[in-house]
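Me: I have just opened this structure and would like to understand the words used for it. Could you take me through a few of them?

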Amino acid sequence: MCCLVTAEGLVEGSSHFGFPCVMSMESQVLAGFITRKEIQDALRQIRSTGHHIVPESRVVFLHHMRIANTDSSVNTVNLRGFMDETPFQISDQTSMETVVEMFRKMGLRQLLVTHNARVRGIITKKDMLRHVAEIEHQDPNAIRYH
């Protein structure tokens with residue numbers, strides 16, 4: 001959970017395609033994945049419907065998140081409906097051969113890497129292409145998978 005101004009800064013100041021959502025910062029248990037575009041579209045949609053949100057409004061991604069400060073003057077923006085709750089994920093023990101095959105066969109943009117349901121990282125299509133290029137000693141931009 002963060003405030004609206006922090007979420008907007010993260011989205012605007014980042015070149016990342018999307019972000020994993022976790023149950024809590026302490027547990028790091030994967031709850032879903034949301035793209036930068038989905039966050040931008042959600043906030044635009046919420047604003048256009050006349051909801052009163054302010055820079056201090058809390059942004060949450062789960063319906064059951066506990067909100068420590070219950071200041072009623074600060075609204076909560078719940079983006080759960082915009083989050084993919086079942087993103088593709090792999091164990092940190094998954095072989096790169098399997099990862100490459102998943103990207104090739106499923107046309108993925110990213111795979112979330114977990115260990116005991118806790119987020120450990122993200123492998124993007126670009127990461128996978130670099131790996132394949134290193135193995136094959138090729139330019140990663142020359143490799144195309146559809």
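Predicted model: local features only at pLDDT ≥ 70, side-chain atom pairs only at ≥ 80, totals over all residues.

Me: What makes strand 6 and strand 7 a pair?

Reply: Strands (DSSP runs of E, at least two residues, numbered from the N terminus) pair if DSSP finds at least two bridges between them. Three bridges join strand 6 to strand 7 (residues 110-115), so the two count as paired. They run parallel, and Ser-91 has Thr-114 as its bridge partner in strand 7.

Me: Why are strand 6 and strand 8 called edge strands?

Reply: Strand 6 (89-91) and strand 8 (118-124) each pair on one side only. The open sheet has the order 6-7-8, with mixed pairing.

Me: Which strands does helix 3 lie across?

Reply: Helix 3 (residues 96-106) lies across strand 6, strand 7 and strand 8.

Me: Why is Gln-28 called partly exposed?

Reply: Buried means under 20% relative accessible area and exposed over 50%, with partly exposed in between (1.4 Å probe, protein chains only). Gln-28 has 24%, so it is partly exposed. This residue is in the loop between strand 2 (18-22) and strand 3 (30-35), and its phi is positive, near 60°.

Me: What makes Ala-117 partly exposed?

Reply: Its relative accessible area is 40%, so Ala-117 is partly exposed. Ala-117 is in the loop between strand 7 and strand 8, with a positive phi of about 70°. Most residues other than glycine have a negative phi.

Key: Residues numbered from 1 in each chain as written. Heavy atoms only, no water. Helix = DSSP H or I, 4+ residues; strand = E, 2+ residues; numbered from the N terminus. Contact = heavy atoms within 4.5 Å. Axes fitted to C-alpha atoms, helices over the stretch in contact; angles between N-to-C directions.
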